[in-house]
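I opened my notebook to look through this structure one feature at a time. Here is what I looked up.

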Amino acid sequence: AAMLMAVTAAQAQTPVAPVGSGTAGDPYQITVLGNLAWMGDNSGSSSGKFYTVQNDIDASATTNWNSGAGFAPIGTNNTPFMGVFNGNGKVVRNLTINRPSQSGVGFFGYVGLSGAVENLGLEGGSVTGSSEVGGLAGVNFGTVRGCYATGVVTGNADDVGGLVGLNECGMVSECYATGPVTGTGTGYNVGGLVGLNDNSVGLVSRSYATGRVAGYNCIGGLVGQSGSLVSECYATGSVTGNSWVAGLAGYIYDSTVSVCYATGPVMGNSWVGGLVGQPDPGTTTNSYWDTNTTGQATSAGGIGRSTAEMQQQATFVDWDFTNVWWIVEDAKYPLLRTGVTPSGSGTEGDPYLVSQLGHLVWMGENTAASAGKHYSLQNGLNASGVASWYGGAGFLPIGPDAGDNLADVAIG
């Protein structure tokens, strides 16, 4: 009897109320897996509430929750999450959701118009649903910023994305996804980051996807189908589908793709493109695809360039390589600047104070200006999360080639 009780308890999704009152000054402090279950049970009263993750959370136990269905998504169509969730740079690991007959499936099922999810990492695990399936959010009407997901995402109907399934008039910015994304059956809209970027006021910006993407129709390395702006993004994963298949966006309508690129292999049967499969109508500006690596000589939008050309800054007309992008010429494609500027001025008396992983990224992005600068490490840094960066390439070395090395640097 004791053993039966233990097994039953392990399979239960048990909510635990967090410390805090939910105000901006005293947010709910999310510290254990049970706090996340509590959020799901109380999403109907989330409007105007604030939540802050205090530490990394191991969600491995969710694989046995709810008779194998796993974690119950936070927020539903009737009671979407309407609060502000600050991941605080922390990580939820090995989350399992297995609900193949349910729509609106993700860590957050539905994020409402006033909802915001920021600065959260989801590493490992898997999310399975029917339609509107994403690693972080099934449906987003609000704001998703500074988040990433590395797990496996699978849907058996429409709107499946590595991070967000359906971005419905919401904003997805400064995010990335690296896990494989699969749409089974004959569904539409499968993307490495977002399945469907819908409604003309939505936005996907300064984000990227590196995982392989497979589905039936409207399949893209970044976005399956888009009716809203996609700006300053890239995709590098392989893309496989039937119709409207492309390295970045399978199908765009009444919208624009601007300052983007794609490099992953693309395979399909009709309306196949290196960057865009079909615009109906749609506009593509200052965007490119690699004709060598994608295996595609044509695209419904964008400009095709060789691998060698794609690794030259001069190729990318009107791109901001000061604030948004950086490049290691002859070695890498452009990358989004994700570094965090440290405090300090870099002098001997006022060195840059390096206290987080983002500061090291910033150092790599700014080696050309490193001569004579001083840097002081303030504390130990946990860099375990870099294993998933840039499609598994990990941390990019500071001073990556002979022409861009740290020079005359003092590190204390």
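I began with a definition: buried means under 20% relative accessible area. I also noted that this is a predicted model.

**Entry 1**

The ring centres of Tyr-261 and Phe-316 are 6.3 Å apart and the planes are at 55°, so I wrote the pair down as tilted. Where do Tyr-261 and Phe-316 lie in the chain? Tyr-261 is in strand 30 (residues 255–262). Phe-316 is in the loop between helix 4 (307–310) and strand 37. The two are 55 residues apart, and the pair links distant parts of the chain.

How many aromatic pairs does a search of the whole structure find? I noted 28. I picked out Tyr-234 and Trp-325, which form a tilted pair. Their centres are 6.2 Å apart, with 45° between the planes. Tyr-234 belongs to strand 26 (residues 229–235) and Trp-325 to strand 37 (residues 325–326), so this pair ties together parts that are 91 residues apart in sequence.

Are Tyr-234 and Trp-325 buried or exposed? Tyr-234 has 2% relative accessibility, so I counted Tyr-234 as buried. Trp-325 has 0%, so Trp-325 also counts as buried.

Then I looked for a bigger group. One aromatic cluster takes in Tyr-234, Tyr-261, Phe-316 and Trp-325 among its members. The cluster also includes Tyr-148, Tyr-176, Tyr-208, Tyr-288, Trp-319, Phe-321 and Tyr-333.

**Entry 1: the largest pocket**

I turned to the open spaces. The largest pocket holds about 1200 Å³ of space. It is lined by 39 residues. Which of them are the closest to its centre? I listed Tyr-148, Thr-338, Val-340, Gly-358 and Trp-389. Tyr-148 was already in my notes, as part of the aromatic cluster.

**Entry 2: the largest cavity**

The structure has two cavities of 30 Å³ or more. The volume of the largest cavity is about 90 Å³. Its lining has 16 residues, and those closest to the centre are Leu-122, Gly-124, Val-127, Gly-135 and Gly-151.

Strand 7 turned up again here. Strand 7, strand 8 (126–129) and strand 13 (152–155) each supply at least two lining residues. I counted the types: seven nonpolar, eight polar and one charged.

I looked up Gln-225 in strand 25 (residues 223–226). Why does Gln-225 count as buried? Its relative accessible area is 15%, and the cut-off is under 20%, so Gln-225 is buried.

Which side chain does the side chain of Gln-225 touch in a polar contact? The partner is the side chain of Asn-189, at 2.6 Å. Leaving aside neighbours within four places in sequence, Gln-225 is also in contact with Gly-195, Leu-196, Asn-197, Cys-218, Tyr-251 and Tyr-253.

Asn-189 has a relative accessible area of 5%, so Asn-189 is buried.

**Entry 3: backbone angles**

I needed some background here. Most residues other than glycine have a negative phi, and most peptide bonds are trans. Asn-189 has a positive phi, near 70°. Glu-232 has a positive phi too, near 55°. Glu-232 is in strand 26. Its relative accessibility is 16%, so Glu-232 counts as buried.

I checked a peptide bond as well. The bond from Asp-280 to Pro-281 is cis, with omega near -25°. Pro-281 lies in the loop between strand 33 (276–279) and strand 34 (282–285).

**Entry 4: Thr-52**

My last stop was Thr-52, in strand 2 (residues 50–53). Thr-52 has 15% relative accessibility, so I marked Thr-52 as buried. What is Thr-52 in contact with, leaving aside its neighbours within four places in sequence? I wrote down Pro-27, Tyr-28, Gln-29, Ile-30, Asn-86 and Asn-88.

Technical notes:
Residues are numbered from 1 along each chain as its sequence is written. This is a predicted model: local features need pLDDT of at least 70, side-chain atom pairs count only at pLDDT 80 or more; totals for chains, interfaces and linings use all residues. Side-chain values use heavy atoms; hydrogens and water are left out. On a 1 Å grid over the protein atoms alone, a cavity is a set of points where a 1.4 Å probe fits but cannot get out, and a pocket is an open set with protein on both sides within 12 Å along at least five of seven lines; lining residues have an atom within 4 Å of a point. Grid points are joined across faces, edges and corners, and a volume is the space filled by probe spheres set on the points. Helices (H or I, at least four residues) and strands (E, at least two) are DSSP runs, numbered from the N terminus. Buried means under 20% relative accessible area, exposed over 50%, partly exposed in between (1.4 Å probe, protein chains only). A polar contact is a pair of N or O atoms within 3.5 Å; within protein, one must be able to donate a hydrogen and the other to accept it, and residues adjacent in sequence count only if both atoms are side-chain atoms. Contact means heavy atoms within 4.5 Å. Rings of Phe, Tyr and Trp (its six-membered ring) pair if their centres lie within 6.5 Å; planes under 30 degrees apart count as stacked, over 60 as edge-to-face and the rest as tilted. Ala, Val, Leu, Ile, Met, Phe, Trp, Tyr, Cys and Pro count as nonpolar, Asp, Glu, Lys and Arg as charged, and the others, Gly among them, as polar.
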